[in-house]
Amino acid sequence: MDLAALAIAVPLLAAAGLVGLRPLLPRWGAQVLGVAAAAAVAVLCSIVLVRARDETLVYWLGGWRPRGGVAIGIGFEIDQFGAGAAVLAALLAVGAVVFSLRYVGETDDLFEALMLVFLAGMVGFSFSGDLFTLFVFFELTLISAFVLCGYQIERRAPLEGSLNFAVVNSVGGFLFLFGIGLVYGRTGALNLAQIGRVLDGEPADALVAVAFGLIVCALLIKAAIVPFHFWLADAYAVARTPVCILLAGVMSELGLYAVGRIYWSAFSGAFTGAEGELRAILVAAGVVTAVLGALMALAQTHLKRLLAFVTVSYLGLMLAGVGLLTAEGLAGAALFAVGDGFLKAALFVGVGVVQHRFGHVDVGPLHGRGRALTVTAVLFAVSSFAVASLPPFGSFLGKTLLEHGATSAGYGWLVPVFVGVSALCGAALLRAWARVFAGLGEPAEEPRTIESSGEEAGREGDEPPGRRPWTMLLPLAAFIVAGLAAGVWPGLADGTVAAAERFVDHRSYAVSALGGSAGPPRAAIPSGVPHWYDWLYSAISLGGAVLVAWVTLQGRRPARPLRRPLSVLRAAHSGHPGDYVAFVVAGTAILGGLFTLLLT
Amino acid sequence: MSAPALVVAAWLLLIGLYGVVTSRHLVHLIVCLSVAQASTYVLLLAVGFREGAKAPIFGDIPASSPVVDPVVQALTLTDIVVQASVSALLLALAIQARKRFGTVDPNRIGELRG
Amino acid sequence: MSPAARSGLFLVSAAGLAVLLGLALGGLPGFDGPLGDTAKLIATHAVAQRKASNVVIDVAFDYRALDTLGEEFMVFVAAVGAVVLLRTTRDERDEAGSAELEARRPPETSDLLRLLGTVLAPLTVVLGVYVVSHGQLSPGGGFQGGVVVAAAVVVVYVAGQHVAVPRGGPIELTEVVESAGAAGFAIVGVGGLIFAAAFFENFIDPGSQGSLLSGGTIPLANVAVGLEVAGALVLVLVELLDQVIFRRGGGK
Amino acid sequence: MIELQYAALALVAVSGTAVVLTYEPRRQVITSGVFGTGLAILFLAFQAPDVALSQVAVGSVALPAFALLTLAKIARVDRDEEERD
């Protein structure tokens, strides 16, 4: 599977070329190179995805095949989930680079170079079957992402967002590496399958539980799960639109992907018998995140920050899906991540167009001014409804699978939670849409702090206002179409469930990586979604979203009983890196403690 | 006896994070991060150390002599480079923070609330 | 949170974390057990397979070369990021005004410093090249040697401040060196695809143990990394130095 | 060798704590240089000369240099602003 290696080498070489040839390359040449490299990655990863249909692709870097079940070098272990994540990242990157074509600023060849390294990092992360290589690409993704977040150094908010992003995620890196050290000390292995084989032997002890806890916390920081989520709202709210597309569309989801990957390949044998407890912990964390994110989204009047909290909320839903520890839940989370990833990218592009036109994204001052942007208004509304699980978009299909997974795992009470959270997030989006694009309701409360003062306001780019180049509307439409395709592609739901069955098969993963004999493959049961009641749930979500949006549109401030809890919540989001790190340590102690108490 | 090394590793992680949490100066905060990261070097190398074994460089020692774990050393090399890269960028952000916010005290930088 | 609340939350949680870490670390084997499976395989076979006596470098540049590729591009991003994050912004330029920028000439350096620089720099470069080229034999390698070379370049840069260093030329040259190094390492990987069967497969004859060219592609990779690290470090340091030296407001 | 290891561990633990508790940044950079060198000695005692060399390059030279330059720049901005006022 040389193509998989090329999917990492091509963007890296292109990035080096962009920087090295900067004096010679004209601007358009650099842009062509950037788009071409990202598109090449998309093509390469798609071929890999197609080839991964029937079997897990194993690729040993440097030709170092394992000897007697012991890995010597680094292995890629690529199944449809890993390849799919890479395709999603590459497609979003193509859209992001196209969006940024007419979006000129300073030193932009460097911008494209950084985007390509960022993409290579995510692709490597999705392919890796090695714990330390996961860490390396985790850090590569992080470091390029936070430079991209802070790209606009002439403004204050990006600087602070980037700083918090870097500090909190660096701490995540330490936890990750500490966990790797513990695992390596116990197993003498870095290859996930090999770790799994050593750990299978006996039930987990404190070392295994704590190591798992540290690694999971590091990944949950990336995935912005409460209480590790604080940095995300700060960073995503201030990054430039093309960066947001990749951050919110795929980077955080990759954290959850890695939780699943590491659990099923390495740790699930050691935790046999304790799945119930682990399920309860992960689902609880997911639900708390989903609800909190939705409430915070409703409290926002800054469009990008609003989208950031919708992202947090939906990441919570996905964690709940992965945390069910069943193939169906995982498949639902994956499909939901793809559909929602495209639609959220579309929403960020929509907000980017608004920012391009008006120079800021505060709902208050924008009241009714979006009427001028007809196409954007329509597309933004469509994506908002789709995010609130409008059939037949991918988000609807994914959430349907999630709900089925929850019911069959005995967590039927999750269904109303999912429906309610979708309604709240949809309401937050629709209310903002109604204010900005339709001029309905009262203007929002006082402008938010970010970018609201005159000094901070500034258009993204040098284009004269009023023009909405096709390079911005094209990705917007394409992302919506992709989100739709993720819902109507024939056989996608069943295919995803089948892929998930393979993903959660601990034993056959090890066999495909290191050899040995596997049992018969598990048969995937056709999901049969959507049923009639799934349409009903969707209708409730959508109706609830419109209703909540309508009710909250009337008042300038939140309802009286909600004010105090909301203000406490908002005060916790202080923008202080010390606070955030303290929360990270608290979360790690709690999660690690629960794992140690309940899983050993 | 591996206990002292492991205790020092855990201590460096916790004290480094304490510094990050209580910091009043961004440069101080960044240096404290590097202390916390040093904990991972100590842990990795302690995990790979074997009493009486030599460094895994077969220039001057016979090929059969016992050596310490070469893999963790390669991992630590990578780790050190990660730290250098992240710290350099954070320091660049600190300079910009001073220019834009007029302060390097994280308690007084606070644009992003709620 | 107030500072007291923040410290309180941290101390309570850190105490909990300390207990967990204590429990976990207690489960690690001591210093007397056998090496882990992977390490044992590599420690016994590396020299025979690669002929390079420094097994750590074998691991970093051959067995686990992909990790090092990721690491090199982190350095690459750090250098690019320093250029991005420390660039002079438009408003700063407006504020300073072109006349004032003209007046902000770098200060004169003393003859002694210049002499010291002239003598030290070539010696340091030689040392750096030695460290890079002997990585497969003795402790050292591309990263460490690259840092040494960068130190030499920066000494020249600081000592040579009296020569008006035109902004643009040297920086761009450094960027070229840095990206050539980064690309070079990736190309060594692609070479494995072309001349052998897998990405980063060692496609050059490993030679004999102890010789300067032992290890096949390992010395090549070391040179690439050395270039990249030296270039990147020079970029970061020069960007930081520029912030300090060139802005020494002589016009005031 | 194990004695050297204990001594280096003690040095690292003490100097690491000192780095964190030195809140004055300029003095902290000096302590961090000591800490970085202590780590390098510890790595030698761990039979890791390659890592020790990297640690000297990064912990004792590059990082303190970065940090000092950053502090110099911050002081520079402070002074410029005072002059302007």
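**Exercise 1.** In this predicted model, determine how helix α1 of chain A and helix α4 of chain A are oriented to each other.

*Solution.* Start with the two elements: α1(A) covers residues 2–20 and α4(A) covers residues 108–127. Their axes lie 8 Å apart and form an angle of about 160°. Angles over 145 degrees count as roughly antiparallel. The two helices, α1(A) and α4(A), are therefore roughly antiparallel to each other. As for handedness, the crossing in which α1(A) passes α4(A) is left-handed.

**Exercise 2.** Find which residues of α1(A) meet α4(A), and sort the contact by class.

*Solution.* Sorted by class, the contact of α1(A) with α4(A) has 17 nonpolar residues, one polar residue and two charged residues.

**Exercise 3.** Describe chain A as a whole, and decide how its radius of gyration stands against that of a compact globule.

*Solution.* First, the elements: chain A contains 23 helices and two strands. Next, the extent: along the principal axes, its C-alpha atoms fill a box of roughly 65 × 60 × 50 Å. Then the comparison: a compact globule with 600 residues would have a radius of gyration near 25 Å, and the 23 Å of chain A agrees with this. Of the 600 residues in chain A, 69% are buried. Finally, take the contacts in chain A between residues at least 6 apart in sequence: 84% of them join residues at least 24 apart.

**Exercise 4.** Work out what chain C brings to its contact with chain A.

*Solution.* Count the residues: 62 come from chain C and 65 from chain A. On the side of chain C, the elements giving two or more residues are α1 (3–25), α2 (37–50), α3 (55–63), α4 (65–86), α5 (90–96) and α9 (169–195). The largest share, 15 residues, comes from α4(C). By class, this side of chain C divides into 38 nonpolar, twelve polar and twelve charged residues.

Terms used:
Residues are numbered from 1 along each chain as its sequence is written. Chains are lettered from A and ligands numbered from 1 in the order in which they are written. This is a predicted model: local features need pLDDT of at least 70, side-chain atom pairs count only at pLDDT 80 or more; totals for chains, interfaces and linings use all residues. Axes are lines fitted to C-alpha atoms, for helices over the stretch in contact, and angles run from 0 to 180 degrees between N-to-C directions. Helices (H or I, at least four residues) and strands (E, at least two) are DSSP runs, numbered from the N terminus. Angles under 35 degrees count as roughly parallel, over 145 as roughly antiparallel, 65 to 115 as roughly perpendicular and the rest as oblique. A crossing is left-handed if the near helix is turned anticlockwise from the far one by less than a right angle, and right-handed if clockwise. Two residues are in contact if their C-beta atoms, placed from the backbone, lie within 7 Å. Ala, Val, Leu, Ile, Met, Phe, Trp, Tyr, Cys and Pro count as nonpolar, Asp, Glu, Lys and Arg as charged, and the others, Gly among them, as polar. The radius of gyration is taken over C-alpha atoms; the globule rule is 2.2 Å times the number of residues to the power 0.38. A residue is buried if 20 or more other C-beta atoms lie within 10 Å of its own, exposed if 12 or fewer, and partly exposed in between; C-beta atoms are placed from the backbone.
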